[in-house]
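Please look at the sequence and the structure together.

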Amino acid sequence: MDDGKVMDVNLALLGGRLALPPYVELQPDGSRRAHLLVYVRSEWRTRCDVVPVVVPEEVGLDALDGLRRGTPIGVAGPLMRRCSHDPWEPSGRIEVVADSIRLPDNEEARRSR
């Protein structure tokens with residue numbers, strides 16, 4: 001039934017473990033952002049995926065200091081397609097842009113809106 005009202009939702013929720021320690025990158029405008037790779041298992045437990053996550057500076061990169069491979073982590077945020085003109089980087093990669101991160105000691109980093 002199409003009543004002309006469409007509701008789009010772009011929200012990804014991940015619960016997994018870090019595949020690598022966070023990588024923090026300095027942006028051309030002077031801001032920083034972190035890159036995470038979150039290792040998740042499917043419901044069948046026979047498939048594993050590594051999901052790229054971008055963490056903007058506003059979320060609180062200090063909370064990521066000292067995290068190691070295998071650290072449990074929860075991430076929530078929208079999906080975004082990143083296009084690159086760099087021939088060495090895959091184009092059209094889908095990433096999660098973190099709005100909220102839950103760490104194992106219940107420390108939470110949250111973007112202020």
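**Around Glu95**

Leaving aside neighbours within four places in sequence, Glu95 is in contact with Pro52, Val54, Pro78, Leu79, Met80 and Arg82. The model is a predicted one. Glu95 itself belongs to strand S7, which covers residues 93–97. Its relative accessible area is 1%, under the 20% cut-off, so Glu95 counts as buried.

Two arginines meet the side chain of Glu95. With the side chain of Arg82, Glu95 makes a polar contact of 3.4 Å. With the side chain of Arg93, Glu95 makes a polar contact of 3.3 Å. Arg82 is also among the residues listed as being in contact with Glu95.

Strand S4 (residues 48–56) runs antiparallel to strand S3 (residues 32–41), and 9 bridges join the two. Within this pairing, Pro52 in S4 is the bridge partner of Leu37. S4 also pairs with S7, this time in parallel, through 2 bridges. Here Val54 stands opposite Val97 of S7. In general, side chains in a regular strand alternate between the two faces of the sheet.

Is Leu13 buried or exposed? Its relative accessibility is 66%, over the 50% cut-off, and therefore Leu13 counts as exposed. Leu13 lies in strand S1, residues 12–18. Together with Met7, Val9 and Leu11, Leu13 forms a nonpolar patch on the surface, and the accessible area of these residues together is about 510 Å².

How values were computed: Residues are numbered from 1 along each chain as its sequence is written. This is a predicted model: local features need pLDDT of at least 70, side-chain atom pairs count only at pLDDT 80 or more; totals for chains, interfaces and linings use all residues. Side-chain values use heavy atoms; hydrogens and water are left out. Helices (H or I, at least four residues) and strands (E, at least two) are DSSP runs, numbered from the N terminus. Buried means under 20% relative accessible area, exposed over 50%, partly exposed in between (1.4 Å probe, protein chains only). A polar contact is a pair of N or O atoms within 3.5 Å; within protein, one must be able to donate a hydrogen and the other to accept it, and residues adjacent in sequence count only if both atoms are side-chain atoms. Contact means heavy atoms within 4.5 Å. Patches are made of residues with over 30% relative accessible area and no salt bridge: like charges are joined within 9 Å, nonpolar side chains (Val, Leu, Ile, Met, Phe, Trp, Tyr) within 5 Å. Accessible areas come from the Shrake-Rupley method with a 1.4 Å probe; for residues, only the protein chains shown count as cover. A salt bridge is a side-chain nitrogen of Lys or Arg within 4 Å of a carboxyl oxygen of Asp or Glu. Two strands pair if DSSP finds at least two bridges between them.
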